[in-house]
Amino acid sequence: MTMPAAAPRPALFLDRDGVVNVNHGYVHRAEDTAFVPGIFELCRSAQALGCALVIITNQAGIARGHYSAAQYHAYSGWLRGAMAAQGVLLDGIYHCPHHPEFGVGPCRRDCTCRKPAPGMILQAARDLDLDLARSALLGDSVSDSEAGRRAGVGLLMLLSAGAAARPTPAADVQTVRDLDAARRTLQRWCAR
Ligand SMILES: [Zn+2]
């Protein structure tokens, strides 16, 4: 006798640089990391709402050779630990190490994972059994919200503070001032 499969869960997808950590440019060391105010509260709130937590990050720094894949993975391990110490358990971290123009060697390619392509989100949905229509995404760039749209994510949020949030987001994107506003928007949306 087989157990019935659990129903797919919703997720909160987070861009990393500019949403989880302050974007100083190509962050890959613990000592360069400052967390964006409100990120732990947002993540704990999402967990309480039953959402998986998934980071999706374009890592052109790997493509360009600014740091190695090994350094990136070591940093991701540190990030998981630092967030766990705040009661935030990440279900997945997905990255794209490619760049179509500036990538070095095998990292130079037109891939299906670099946002605005939806590849990382679709992979996470398969790996973690996620219900994308009931999921939310928070980014700071239109390439984030576009990736979410192409994947069928139900709630698309963009930080208005992100200088990268140009051009003007599409009408179905909710602009939020900060992570506290994102937390309240997520709560309202999950309760609807
Ligand atoms: Zn890629």
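Biologist: What are the ground rules for numbering and confidence?
Modeller: Residues are numbered from 1 along each chain as its sequence is written. The model is predicted: local features need pLDDT of at least 70, side-chain atom pairs count only at pLDDT 80 or more, and totals for chains, interfaces and linings use all residues.

Biologist: Which pattern does the protein follow along the sequence?
Modeller: The protein has six helices and six strands. Helices (H or I, at least four residues) and strands (E, at least two) are DSSP runs, numbered from the N terminus. Read in order, they give β-α-β-α-α-β-α-β-α-β-β-α.

Biologist: What is the radius of gyration of the protein?
Modeller: The C-alpha trace spans about 50 × 45 × 35 Å along its principal axes. The radius of gyration is taken over C-alpha atoms, and the globule rule is 2.2 Å times the number of residues to the power 0.38. For 192 residues that rule gives 16 Å, and the protein is close to it, so it is as compact as a globular protein of that length. Its radius of gyration is 16 Å.

Biologist: How many residues of strand 2 are buried?
Modeller: A residue is buried if 20 or more other C-beta atoms lie within 10 Å of its own, exposed if 12 or fewer, and partly exposed in between, with C-beta atoms placed from the backbone. Ala52, Val54, Ile56 and Asn58 point one way, Leu53, Ile55 and Thr57 the other, and all are buried. Strand 2 is largely enclosed by the rest of the structure, because the buried count is seven of the seven.

Biologist: Which residue of strand 3 is the bridge partner of asparagine 58?
Modeller: Strand 2 and strand 3 run parallel. Five bridges join them. The partner of asparagine 58 is cysteine 96.

Biologist: Which residue in strand 2 is the bridge partner of phenylalanine 13?
Modeller: Strand 1 joins strand 2 (residues 52–58) through four bridges, in parallel. Phenylalanine 13 is also in contact (C-beta atoms, placed from the backbone, within 7 Å) with residues including Ile121, Leu137 and Val153. Its bridge partner is valine 54.

Biologist: Which residue in strand 4 stands opposite leucine 14?
Modeller: Strand 1 has buried residues on both faces, Ala11 and Phe13 on one side and Leu12 and Leu14 on the other. Strand 1 pairs with strand 4 in the parallel sense over three bridges. Opposite leucine 14 stands leucine 138.

Biologist: Which residues have the most contacts inside the largest nonpolar core?
Modeller: A nonpolar core is a set of buried Ala, Val, Leu, Ile, Met, Phe, Trp, Tyr and Cys residues joined through C-beta atoms within 7 Å. The largest one has 41 residues. Those with the most contacts inside it are Leu12, Phe13, Ile121 and Val153.

Biologist: Is proline 10 buried or exposed?
Modeller: Proline 10 lies in the segment before strand 1 (11–14). Its contacts beyond four places in sequence include Gly50, Cys51 and Leu130. It has 22 C-beta neighbours inside 10 Å, so proline 10 counts as buried.

Biologist: How many other C-beta atoms lie within 10 Å of leucine 89?
Modeller: Leucine 89 sits in the loop between helix 3 (69–84) and strand 3 (92–96). Beyond four places in sequence, leucine 89 touches Leu53 and Ala84. Leucine 89 is partly exposed, because the number of other C-beta atoms within 10 Å is 13.

How values were computed: Two residues are in contact if their C-beta atoms, placed from the backbone, lie within 7 Å. Two strands pair if DSSP finds at least two bridges between them.
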